[in-house]
Amino acid sequence: MSTPSHASSLPRGAAAQSRRSTEPAHGSHGGGVHLWQRGVPVTTKLWTPASIALALVAAIGLAIAAYRMTGKLGVVSGMTDMYAWGVWKTFNVMTLTALGTSGLSVGMAAWVFGRKDFHIVMRTALVMSLVFYFAGLLALGIDVGRPWNFYHVFMPWTWNLHSSLLEVAVCMPAYAFVFLLAENLPMVGERFFYRGSPAMRARVDGWRKPFRRVYPFVVAGAYMLPAMHQSSLGALMLLAGPKVHPLWQTPALPLLYLMQAGICGFAFVIVTVMLSCLVWQRPLDMKVIGALADWMSRLILVWLGVRALDLVVRGELGRVLTFDRYSILFLIENALVLIPALVMRVERWRSTPQLVFKMAVATCVGGMAYRFIPTTVTYDPGWQFSYFPAVPELLVMLGFVALALLGFSFAVKLFAVLPAPYDDWLKSPEGQTYVRKNS
Amino acid sequence: MMRRRETIQQALERSGTNRRDFLSFCGALMVAAPAGLALTSGSVEAMASTLGAARRPSVIWLHFQDCTGCSETLLRTSQPDLEKILFDVISLDYHETLMVASGHQAEAALADAMRENDGQYVLVVEGSIPTKEQGQYMKLAGKPALQVLEEVGSKAAAVIAIGSCASWGGIPSSGPNPTGAVGVDALLKGKAIVNIPGCPPNPYVFLAVVLQYATSGTLPALDDERRPLFAFDRLIHDHCPRRAHFDAGRFAREFGDDGHRKGWCLYALGCKGPSTHAACSTRHFNDVVDCWPIGIGAPCVGCTERNVAFKVPIFQTTPIHGAVPPASYPPVEAGSGQIDPVATGLVGLGLGALAGATYVAAKRFSKQRDDERVPDGKPDDLDAANGGTQR
């Protein structure tokens, strides 16, 4: 971090003047001027002490993951034949890809529901989706018992069409490798356009037109596929039947899983953007953040409504207040999303940075808990089978998370991802240096 | 010499059996004889005409190192009646346990039968033959068993080795095998030998082989161990009435436990059904339904296999060959995860670090409404000049 708070060292008046007006009002947050104008790269060095530490953790995880390939799963993990739901599946895939659904939820709000003010955080959301999906797929790759059979994914005539895991196995890689990469392509092209040779600039310009033509289809696919596999992850738990506690096991599980992914997407974009502004010293645009928090809270209320309705219809409402360990877990998990939902209904509170941050964190924790609990805590495979992750297993899990975060930090330094007041930044010494060096 | 020309029908008529009884006898035989036997593929009438026209074969039955269990199991067949078979269908000329004669009279009967039916009779051998010390461990009318087998066997048209002992040595040959016991096929080279192993063997398999020889003069198709394919071509496991329990992973773990009482699969108790070729699971013993080892809750010991019974420990489980799903089933017990203190510490440390970092980070965000300045936590001069920070 070279020189903190360059942007903020400008007079406030200048910042206010440079705000340009955006689209007409959308609800209470759409109108007026926005502080954030477009994505601006982080200009600190690629390798900082923090990123070196992340790389070390990732290296340890990858080394153990490579070692796992020398033997069976039991070499490094606590999984057994009877209990095969380890943390790689339940945390890295089930839970972290929920956070990585920001590209779906914010994207749908922006493109489908016409919230153009959300486009400013779209790149952050898409990079976050990309890194968490790829980290999740990596985890899945070492978690499957026979990874050498993975090539069958590319041979549709060998598919087992009766497997609900097939949907996840085919859909997730397809989304990550085709749609997510394509969605992230513009910022890469932009870098080559602005920093490449004139010949490169002309080539990128030539690609822009055909890409624009297919982009709507890319976007459509990028919303259909994750909607399919995020609900399929819930459907997987549906197959577990009575092994999952009745408070969580419901035919509505796919819908609840999908909606919860959407909530997590919004909450995690708020957390990511705010933390990035803290780490890389950028001003906050409370209009955008407040609007995201508003969507998050509305979604939570609908989700809680569906969940309550489901309990009533299934006649399991009585279990909520038995105050055994499951009931308490259920109450905590729901309180973690209910409180943010209620607090964020108040307009004054959702424009207060610290409160928004705390509530978004609480929602993330609650949402992750909901995705994590049915696969682990309340999942009972019967007899006396139990599972506890082994140390190397946890290190691999941690390594993949570190890898994702490292990927994110590299992306924001190489590409114009994080939102900032562009005009102010251009005038600032930091922006001047950047433009001089790269022009 | 007169007996050789007499047909089975003539013998039955002579003993007062009418046509009706003969047909019902043939019907019982068709029901009792193992499936796949050429003789039983037609109608009852067809069988009666074939059988009736056949000449009664002379049968000489020798006992060596045996327990007479094979003869005993034969005596416990009643459908069709054994006495009809022994007296009218075949001509049992020599059988130490069943014959009335004894001493010199018995030996004279053997000599007569051999002389009258030279090269025509069927030799049935029960029990293994001791070979150590010039075969002195067993003598028959003063002659070593080795010599008796050589003399009688050399003039036989066909040899049926009944029981595991005669087939390949059986119990007497199990380690340390003090008498050097071997089966018939180790001694009579170049003879047509049919092994009907089992301890005891299934009597109907024996009857089927004898009847086929009597009617057509041929012996059934054999496998590598000279066992008739019609009775030994499949595994007990493939037709076991308890197979459903095996497939479902329901195993008796101890004699008398809950699973054993409920008739669960005996595989875990060492049942050799999965590696034993025999028809026991479909053709039971003593004319009693379900009267066979697995039927009464005793694991199969694999007595019809040369390398299983008396070679592999009774309670040792046998390897499952071929792609049967249950072989890949997880064990029913065990599989509890250990709560590792290091892992717990690691999780705790990670969660603690995350919670701490989140708390510290949250503190650095402004508590002021619409405060869009760079989140910093340290009010600087310019901020103060622009209206102050109330953080």
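1. In chain B, contacts between residues 24 or more positions apart account for 70% of those with a separation of 6 or more. The model is predicted. Chain B has 391 residues, and 40% of them are buried. Its secondary structure consists of 15 helices and nine strands.

2. The mean pLDDT of chain A is 86, and 92% of its residues reach 70 or more. Residues 1-31 of chain A have a pLDDT below 50, although this stretch has 57 contacts in the model beyond near neighbours in sequence.

3. The two chains touch. On one side 39 residues of chain A take part, and on the other 30 residues of chain B. Helix 9 (253-279), helix 12 (353-372) and helix 13 (391-414) of chain A each give two or more residues to the side that touches chain B. Helix 12 of chain A gives the largest share, five residues. By type, the residues on this side of chain A are 22 nonpolar, 11 polar and six charged.

4. At 1.5 Å a residue, its 29 residues should span 42 Å, and its end C-alpha atoms are 41 Å apart, so the two values agree. After this helix comes Gly315(A), which has a positive phi near 75 degrees.

5. Chain B contains an open sheet of five strands with parallel pairing, in the order 2-1-3-7-9. Strand 2 (91-95) and strand 9 (193-196) of chain B are the edge strands, each pairing on one side only. On average, neighbouring strands of this sheet are turned by 20 degrees against each other, direction ignored.

6. Ile60(B) has a bridge partner in each neighbour: Tyr94(B) in strand 2 and Leu123(B) in strand 3. Leu62(B) has Val125(B) as its bridge partner in strand 3.

7. How many residues of strand 1 of chain B are buried? Six of the six are, so the strand is largely enclosed by the rest of the structure. Ser58(B), Ile60(B) and Leu62(B) lie on one side, with Val59(B), Trp61(B) and His63(B) on the other, and both faces are covered. Helix 8 (residues 145-154) of chain B lies across strand 1, strand 3 and strand 7 (158-162), running at about 170 degrees to strand 1.

8. Two peptide bonds in chain B should be noted as cis. One runs from Gly175(B) to Pro176(B), with omega near 5 degrees; Pro176(B) sits in the loop between helix 9 (163-168) and strand 8 (181-182) of chain B. Another runs from Cys199(B) to Pro200(B), with omega near 0 degrees. Pro200(B) belongs to the loop between strand 9 and helix 10 (203-216) of chain B.

9. Positive phi values also occur in residues other than glycine. Gln134(B) has phi near 55 degrees and is in the loop between strand 4 (129-130) and strand 5 (139-140) of chain B. Gln134(B) counts as exposed because 10 other C-beta atoms lie within 10 Å, and the cut-off for exposed is 12 or fewer. Asp370(B) has a positive phi of about 55 degrees and lies in the loop between helix 14 (341-363) and helix 15 (381-385) of chain B. Asp370(B) has 13 C-beta neighbours inside 10 Å, so it counts as partly exposed.

Terms used: Residues are numbered from 1 along each chain as its sequence is written. Chains are lettered from A and ligands numbered from 1 in the order in which they are written. This is a predicted model: local features need pLDDT of at least 70, side-chain atom pairs count only at pLDDT 80 or more; totals for chains, interfaces and linings use all residues. pLDDT is the predictor's confidence in each residue, from 0 to 100. Two residues are in contact if their C-beta atoms, placed from the backbone, lie within 7 Å. Helices (H or I, at least four residues) and strands (E, at least two) are DSSP runs, numbered from the N terminus. Ala, Val, Leu, Ile, Met, Phe, Trp, Tyr, Cys and Pro count as nonpolar, Asp, Glu, Lys and Arg as charged, and the others, Gly among them, as polar. The expected span of a helix is 1.5 Å times one less than its number of residues. A residue is buried if 20 or more other C-beta atoms lie within 10 Å of its own, exposed if 12 or fewer, and partly exposed in between; C-beta atoms are placed from the backbone. Two strands pair if DSSP finds at least two bridges between them. Axes are lines fitted to C-alpha atoms, for helices over the stretch in contact, and angles run from 0 to 180 degrees between N-to-C directions.
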